[in-house]
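This report is for a reader who is meeting the structure for the first time. Please look at the sequence and the model before reading on.

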Amino acid sequence: MDGKNKEALKEIDRLTAKVDEVQENILKEILTQNSATEYLIKYMKGSKNMLEFKQSVPVVTYKAIRPYIQRIANGEDSSLITSHPITEMIMSTGTSEGKPKLMPSIEEDLDRIMFFVSLITPIMNQYVPGVDEGKGMYFYFVKKEISTPCGLPCRTAISRLLKSKHFKRLAQDPSNDNNTSPYQALLCSDISQSMYCQILAGLIYRHQVQRLGAAFASVLLQVISVLERNWVRFCNDIRTGQLDPIITDLECRSCMSTLLSSPDPCLANEIEDICSRVPWKGIFCQLWPRAKFIEAAITGSMAQYIPALEYYSDGKLPLVSNMYTSSECFFGVNLKPLCDPSDVAYTLLPNMGYFEFIPLGENGTMLMNVGEEDEVPNDKLVDLAQVRLGCHYELVVTTFAGLYRHRVGDVLQVIGFHNRAPQFRYICRRDVILSVDDDKTNEEDLQKSINVAKKLLEPYSALLMDYTSYVDATTMLGGLGHYVLYWEIRFHESSKADNQLANIAALDDKVLQECCITVEEELDYTYRICRTHNKSVGPLEIRVVEPGTFEELMDFFINQGASISQYKTPRCIRSEGALKLLNSHVKLSFISPREPK
Ligand code: AMP
């Protein structure tokens with residue numbers, strides 16, 4: 001192991017051995033720097049005392065911060081919330097009253113993020129020696145930038161990183177050519193053109209690729225889908241040494257022309273041979289035979305993509321979920337990156353921000369007692385060094401850039417310790433997503449139930465590719481509102497969309513009806529009481545949508561301003577447009593045949 005890697009691991013050890021001390025210093029530093037801000041003066045009257053902070057500064061959701069953010073966006077001074085100039089606003093996928101949340105960011109945040117990112121390779125290197133050899137094929141995307149009325153750029157966390165001078169320097173250093181995606185293609189804000197070029201580059205370098213990934217698992221399934229539709233084009237480009245005219249972005253054309261400098265019919269034939277074989281089980285390993293692992297977040301709602309990723313890698317490539325981050329702050333790293341997906345735990349790095357936790361009980365039982373907008377008593381919070389094994393918590397963060405005791409909205413469970421640092425399993429975002437009567441189903445409940453139900457598809461070689469839900473309340477008055485699930489199902493044996501539908505039609509009706517009732521029986525006690533005793537909730541419905549629907553749904557949200565790199569299928573649909581889109585693709589519908597037990 002080289003000196004740099006050793007240093008990084010030593011630093012992790014130092015930080016995790018002294019969690020309380022590091023955290024205390026971070027809070028001290030934040031208070032020292034920011035005590036004169038309007039926000040802190042309001043609650044602490046200029047004091048820099050940590051006890052005073054804990055007693056007087058309220059625990060808040062974004063709603064409480066938004067007025068300050070808006071004032072800064074409109075041109076007021078950053079000193080409303082932080083002593084440093086706010087240089088950009090980071091656009092979160094989380095929304096507040098239908099609009100993306102904007103998180104303040106200061107110049108030095110980038111140093112913290114670069115430090116965080118620099119730990120990933122040394123951690124991996126312990127388990128996969130020579131991890132940085134060969135090339136990495138990572139799919140990242142920037143989003144078209146907007147600015148606040150006073151001209152501050154608003155970007156996603158990934159766009160900020162890709163556009164930073166640190167990254168630019170790395171990307172343009174000729175001695176550092178270990179990524180397949182050309183810098184100009186990464187920076188192209190036309191997502192389809194960027195995706196096309198990044199995949200094509202990955203294919204050109206197929207024999208050198210040793211690791212592949214994206215921020216979230218869902219992006220890799222997008223890659224498969226684009227590959228399915230375009231592999232003939234990719235082969236043609238490689239065979240002729242000419243980029244397809246559908247790519248019109250000049251920067252993309254220019255960087256790809258360097259990669260396609262001469263026709264390579266031999267490589268084109270290899271790829272054609274692999275892609276024309278169906279099914280595509282193991283396609284990742286066939287196209288990128290030296291790949292050692294797949295890197296992407298596969299926890300939380302991303303867990304549902306694990307079977308698909310395992311299918312496309314034929315179970316041969318470990319799935320590595322190595323970081324837990326957000327627009328507010330980069331939180332933690334996975335110190336055992338090759339662990340089983342169900343054991344993934346993130347060790348929060350105590351120097352990234354000041355972390356506190358709202359206790360939610362041993363199994364999250366208190367979750368419902370602390371609603372999203374409920375006031376949280378200040379003395380209920382516990383410190384990072386005080387969380388207890390097995391317990392669930394909601395994460396609260398304080399940053400240098402002006403977030404104070406901000407509820408991130410994520411539910412985490414402590415499942416171990418590294419030195420004195422707790423390691424957290426990511427459970428879900430806390431928000432309740434479905435509710436008709438007293439029933440309150442959150443993302444985790446829904447996902448768990450669907451995980452059980454989708455197993456019923458396995459004997460038919462069918463995979464649940466994606467899902468979402470909504471409450472059909474149209475029958476609520478006088479009738480019963482009910483849960484509707486939209487499922488996109490794919491069959492292994494065939495890659496043809498027309499056959500896919502025929503296959504679904506051929507599935508015994510009973511199978512999907514059984515899936516409906518299985519989901520219901522896995523949902524919680526209150527749901528089942530509402531369904532059976534109170535009869536206030538109607539039978540659950542599964543609507544099977546055409547293949548490709550969820551991709552269209554993603555395009556829909558991207559057109560509305562979502563970012564592809566951060567995109568996560570919403571597990572519940574509230575937008576009328578999105579609902580209309582889904583409903584227009586419904587091919588079959590199934591209703592729960594009986595009351596749940
Ligand atoms: P954003 O602010 O849009 O980047 O979204 C941040 C949110 O994404 C976090 O608060 C989590 O809810 C989710 N997230 C980030 N990293 C992971 C991960 N490794 N596994 C599951 N969810 C994650």
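Which exposed residues does the face of α13 turned away from its buried side carry?

## Helix α13

The structure is a predicted model. The exposed residues on that face of α13 are Leu250 and Thr258. The helix itself covers residues 250-259, and Cys252, Cys255 and Met256 are buried in it. An α-helix has 3.6 residues a turn, so residues three or four places apart point the same way.

The cover over the buried residues of α13 includes α10 (183-186) and α11 (191-204).

## Domains

The domain assignment divides out domain 1 (3-341) and domain 2 (432-591). Taken over C-alpha atoms, their centres are 29 Å apart. In the contact between them, 32 residues come from domain 1 and 22 residues from domain 2.

## Nonpolar cores

The largest nonpolar core is made of 81 residues. Phe139, Phe284, Trp288 and Tyr312 have the most contacts inside this core. Helix α12 (residues 217-240) supplies the largest share, 12 residues. Because domain 1 and domain 2 both give residues to this core, it lies between them.

What does Tyr312 touch, leaving aside its neighbours within four places in sequence? Its contacts are Leu221, Ile224, Trp280, Gly282, Ile283, Phe284, Cys285, Met465 and Arg490. Another core, of 37 residues, lies apart from the largest one. Among the residues of this other core are Phe116, Leu119, Phe357 and Val414.

## Salt bridges

Side chains of opposite charge can pair when their charged atoms come close. The model has 31 salt bridges by the rule used here. One of them joins the side chains of Asp20 and Arg420, at 3.5 Å from N to O. Asp20 belongs to helix α2 (residues 19-34) and Arg420 to the loop between β15 (406-418) and β16 (421-429), so this pair ties together parts 400 residues apart in sequence. Asp20 is partly exposed, with a relative accessibility of 33%. Arg420 is also partly exposed, and its relative accessible area is 45%.

Arg571 is found in the loop between α21 (549-559) and α22 (576-584), and Asp466 in strand β19 (residues 462-472), so the pair links parts that are 105 residues apart in sequence.

## Near the end of the chain, and a network

A further salt bridge is formed by Arg594 and Glu514, with 3.3 Å between the closest N and O atoms. Arg594 lies in the segment after β22 (586-591) and Glu514 in helix α19 (residues 509-522), so this pair ties together parts 80 residues apart in sequence. Arg594 counts as partly exposed at 40% relative accessibility. Glu514 is partly exposed as well, with a relative accessible area of 30%.

Which residues are linked in a network of salt bridges? Lys54, Glu356, Asp383 and Arg405 are linked in this way.

Technical notes: Residues are numbered from 1 along each chain as its sequence is written. This is a predicted model: local features need pLDDT of at least 70, side-chain atom pairs count only at pLDDT 80 or more; totals for chains, interfaces and linings use all residues. Side-chain values use heavy atoms; hydrogens and water are left out. A nonpolar core is a set of buried Ala, Val, Leu, Ile, Met, Phe, Trp, Tyr and Cys residues joined through side-chain atoms within 4.5 Å. Buried means under 20% relative accessible area, exposed over 50%, partly exposed in between (1.4 Å probe, protein chains only). Helices (H or I, at least four residues) and strands (E, at least two) are DSSP runs, numbered from the N terminus. Domain bounds come from an automatic or database domain assignment. Contact means heavy atoms within 4.5 Å. A salt bridge is a side-chain nitrogen of Lys or Arg within 4 Å of a carboxyl oxygen of Asp or Glu.
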